[in-house]
Structure formats: structure tokens, C-alpha cells
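Here is a short briefing on one protein chain. Look at the structure, then read the points below.

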Amino acid sequence: MELLHSPTTIHHEPRDVGEDENRIERIVSKRTQECTELEEAIKAESQLANGYIEDFERTTKEELSAIDAEMAILVKRRKNVEAYHTQYREKVQHISESYLSPLKERLDHLERLNRLQRSLRAPITRLPVELLGYIFETYVEMDKTPCMLVLVGPVWMRVALSTPKLWRHILVTNEASLPQEESWEIGGDVGLVSSYGRYVVCRTSARVISTLPLSKTVSLYVSLRIRGSLALPSGDPELPLDELLGEQTSHRLGELEIKLNSTGTYPIPLSWYMKKSDFPLLRAVVIDETGSDWDMAFMRQILASPNLTNITFRSQISREVAGLSGWSSVLHLSFPPMSSPDNLNQFCSQLWNLQTLNGTASDWPNENTPKIRFDFLEEVTLKCKPTYLHHLTLPSLTKLDLSIVPEWTPSTPNRPPSYTLPALTNLCLTLTSDAGPYLPPQSSIPALDTLTIVNVGKCQTLPPEIYPSVRSIQLEGSGSTNYYACAFNAAPNAHSITIIASKYERNAISNALQLLADTRNPEGLYLAFASQFYLGSTSKPVFSKTRILPFVKQLLTNRQTIGNPPTVLDVVWSAQRTRPTGLESYVKTRR
């Protein structure tokens, strides 16, 4: 069936224009009214919000004002509190000063009294005054000033000031200051005192006059240190030489040390002060004079002292001094190195009472030395050719320090010197390369017990078993194994051995220990009787612990094997003398 479509026809009815306008006006009016209401609502909300803000700002300002007021009050209170505290502290400090200061002074006084009571109860306070004075004398002899003892306390002050021997040392000098010079305020008649070690320094006559009464009548030890030139006749008017060397005090002079360094043409005229003096108690004189000729009148007066026994020269003596007489009373005589042997030859024949002779001239005795007998000479230091020792007869000599001068002249006989030292027990030899043929044989020194060899590296000329009586041997210096073998063979019966070398000679002791500890020695064991070993020196450490320990263990094993373990083993490898760490148990078990 076929459908037929026909166009639809829409009919529009005509609309009223006025009605539409009214409808639009109503809508606009409605929308306008809504906007008005919305604006009024917004305005009302804004007014309410502004009210809230105003209320908040008003409230905040009031609170801040209140807070500021409270802060101001607190600040004011704090200032008041601080002011109150300041006033309180001032009051407390005032009260402390006014009330506590006397209490503190009282407490300090009580503490001083307590210390004084404890010191009075100390054992040293119960010593007799004489014994305490003797202790003070020993202290001063150690080159300590007696002024320190005076300032310890009233008891010590009384004892020190009443002990004359403490104040017997007087140093007179014209030098403005001395190294390590100290000043002490003692008080009383003594006043301010300057000291130089044990000596009271005197530069003026007034100081000597105030010091001499403290020593009362004991003998004086006076040291003169004068630099420059003194004018004749009275010299420096301030230098108190007349008070000490004049006739009023010279009879008390026991020891005199003179150190003069003259810069003038003429000698310092000590004899002018001594021309009317004698020295009955003078025992010892030390002279060190340089820069001028010797005061011969002074030397004659010194040698004329009846009790003079000790003379020490620290400068070269002149031929004129050597030609003086009066040396027979001297018992102990010392010279500086390199003194003239000819000057010593001049007066050596007068020294028949001599007991000690040190620092003699090089090459003395020599071919010009007269034959002389020293019956009382016990110790002597010589540097000479052994050939000329027979010029001296020394029946009482017990210690000889001999530095051997080489025999350079072809005419010198190549044979041991013919002399005898029957009482010699201690011999120190400083060797040279050709000293061996000229050493004194055992027959010349039958009582020799201790032998010291310096420069062990020159021992290749030592004859074997030259000193069988030696029980103690000391070797100094470095050398090869052969040199030590030669030294050991020279004294095969030694029981004690000391080996010393410098830190630059570390192989020295190692070489010696190789011999002492080597059991494969084809010539037999060196020093088989030795049981005391001193290896090194506290002033000369030579090796490290790790280096020496194997040798020491081998030495102990060796001695244990032959049935002669060491009784003393003193090993040094540092500034402290001690046994090597790690060796204690080994020594204990092997012994």
C-alpha cells in the first residue's frame, strides 16, 4: 500500500506585542528587585563585618595597651629588683669586709701558727744546734748560699748566723755583676747581701767589714776576681783588698783563689797589700793570672807560708816563678795542659814531699829532668816517653795515668824502660801506634790490679800476657776484633771487664762481644775467668737493644757452658743503665 505524504501546514496565530512587553517588564522588575535585595543584604553583611572588625581592633588596642602597661610595670619592677640586689650585695660586701676580714686574718694567723708548730715538732728541730750547724756547713760546701738558710725561719736564722764556717767564703771583685749572682735581704747589721754560690760578694770595704764578724775567728776562704789594672800605691780605693790581705786579717786566711785578668802594662800589685802580712794558716792557693807579668813578691810571700800544701796553677807559670825556692812544703800540685817541661824541671827537685801531681807538662819527664825520688807521691798524671820514667823513683805510687809520647828519634833504644813501681795498683794507658815496646812490664809493676786502656785501636803492639796480675780491665775507644783480642790477651786473668765506646763507635762492643762469646776461638776462650761485664757507659750509649741482645744471650750461653756464669751483667744502650728487656727470664734460667 502506498503512503502518500502531504506537507504539514503550521499556522501561526498572531501575538499581542503589548503583552510581551509587559511580561518583559515584569521579569526585569523582578530581577531588579532581586538585585536590590542582594545589594541590601551585601550592604548589611558589610556593615556587620565592619562592626566586627571595629570591635576587634578596639579590643586589640585595649589589650595591647594593657599588655604595654603590664610590661612597663614589669620593667620597672625589674629595675627596682636589680637596684635592691645591688644595694644588698654592697651591704653584704661591706659586712664581709667589716666582719669577715678580721676573721680571715685571724684564720691566716692561726694557720701560720699551725705551720710553725708543725715545723717545731719536725724531727730536724729536735737536733742539737751543733749538729744542725754541721748540716748547714755540709750544705754550703755543696756550693750553696748560706743566705737561703737565714730566711727559712727564726730558729734557722739564729743557727746560721751563729755558725761561723757558713760565712768564711768571701769573693772580692771589681766586676759590676757576676753570672748567677743573687741578692738577699737579711736585715739587722748585715742588710742586703749578694751571693755567688757559697761566696758572699764584697765590692766595698763596708761590705767586708759587715761580713767578717759573721765568720768570727775561723779561717777564711777568699776568692779574688779582678779585671783590669789597679793603680799604685793603693789601687782601686773601693776594692777591699787591704781588709782581707792586710796584716789585720791575713792570719786567718786559709785558702786563696786568685783570678786576675790585667789589661795594663804592670801586674796587679797584690804584694803591696801583703807587704806587712804573714799567712800562718794558708793551706791552698789557686792562681789564674793572665795578661800581665807575675807579681814575684806575691809569689815569694805565698811560698813562704809555713802550712802551704796545695797549689793549683790554671795558667802557664813563668820561668821566674819556677826558679823560686820554698816548694818543699807542697803536697798537691796541679798544672794546666801544655805547661813548659823546662820550667817544671827547674823546681821538681824541691818537691820531695809531693803526694799528688796532676796535669804535668807535656813530654815530662824528659832527658833534662834530674833524677829525683818522690817518697810520698801516690797519684800522678804524666805525658811522656816511657824511656825517661826511670828519672823518677816512685816507691809509693799507687795510681798512674800515663799518656805515651811516641819515640820518634832513631837513636832511642828499642827496649822496655828499666824502672820499678812496686806499689802501683791502678794504671791508665793512653796508647799510640808504637807504644807496645815501651810499656812497663809486669816485673816493673808487680802489684798492678786495675788496667785502663784508652784508644784500644792502638792495641796491636801490646805484648800477650804482659799483665797477668790484672783483675779488672777497662777498654775505651773503638777497634777491630784483632785489637780487642790483643787487649784481652794482655790481661788474660781479668775477672771484671768494662768496655766503653762513643755512640759513633757502635761496632766496638759488638767486636768485643764476638770474641767473648765465640766458643770456636782456636786459641782458647778469651778472659775465661771473667764473671763481671760492664758494657757501655751511662754518658756514652753505643748500641740499640735489638742489636746487642743476641750477643748478650750468646755470652750467657758461653759462660754457662764453661761453668763460669756472669755474676754481674751491666748493659747500657741509653741514658739509663738497666738490663735489656726480655732477658730477665733468660738470665734466670741459664744461671
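Patches are made of residues with over 30% relative accessible area and no salt bridge; like charges are joined within 9 Å, and nonpolar side chains (Val, Leu, Ile, Met, Phe, Trp, Tyr) within 5 Å. A salt bridge is a side-chain nitrogen of Lys or Arg within 4 Å of a carboxyl oxygen of Asp or Glu. Accessible areas come from the Shrake-Rupley method with a 1.4 Å probe, and for residues only the protein chains shown count as cover.

This is a predicted model: local features need pLDDT of at least 70, side-chain atom pairs count only at pLDDT 80 or more, and totals for chains, interfaces and linings use all residues. Residues are numbered from 1 along each chain as its sequence is written, and side-chain values use heavy atoms, with hydrogens and water left out.

**Surface patch**
- Leu 64, Ile 67, Met 71 and Leu 74 make a nonpolar surface patch of about 380 Å².
- Met 71 lies in helix α1 (residues 17–121).
- Met 71 counts as partly exposed because its relative accessibility is 45%, between the limits for buried (under 20%) and exposed (over 50%), with a 1.4 Å probe and protein chains only.

**Strands**
- Helices (H or I, at least four residues) and strands (E, at least two) are DSSP runs, numbered from the N terminus.
- The protein chain has 14 helices and 20 strands.
- Strands pair if DSSP finds at least two bridges between them.
- β14 (residues 399–404) pairs with β15 (residues 426–430) in the parallel sense, over five bridges.
- In this pair, Asp 401 stands opposite Cys 428.
- β15 also runs parallel to β16 (residues 450–454), joined by five bridges.
- Here Thr 430 stands opposite Val 454.

**Whole chain**
- Of the 591 residues, 40% count as buried.
- The chain exposes about 33400 Å², with 54% supplied by carbon and sulfur atoms.
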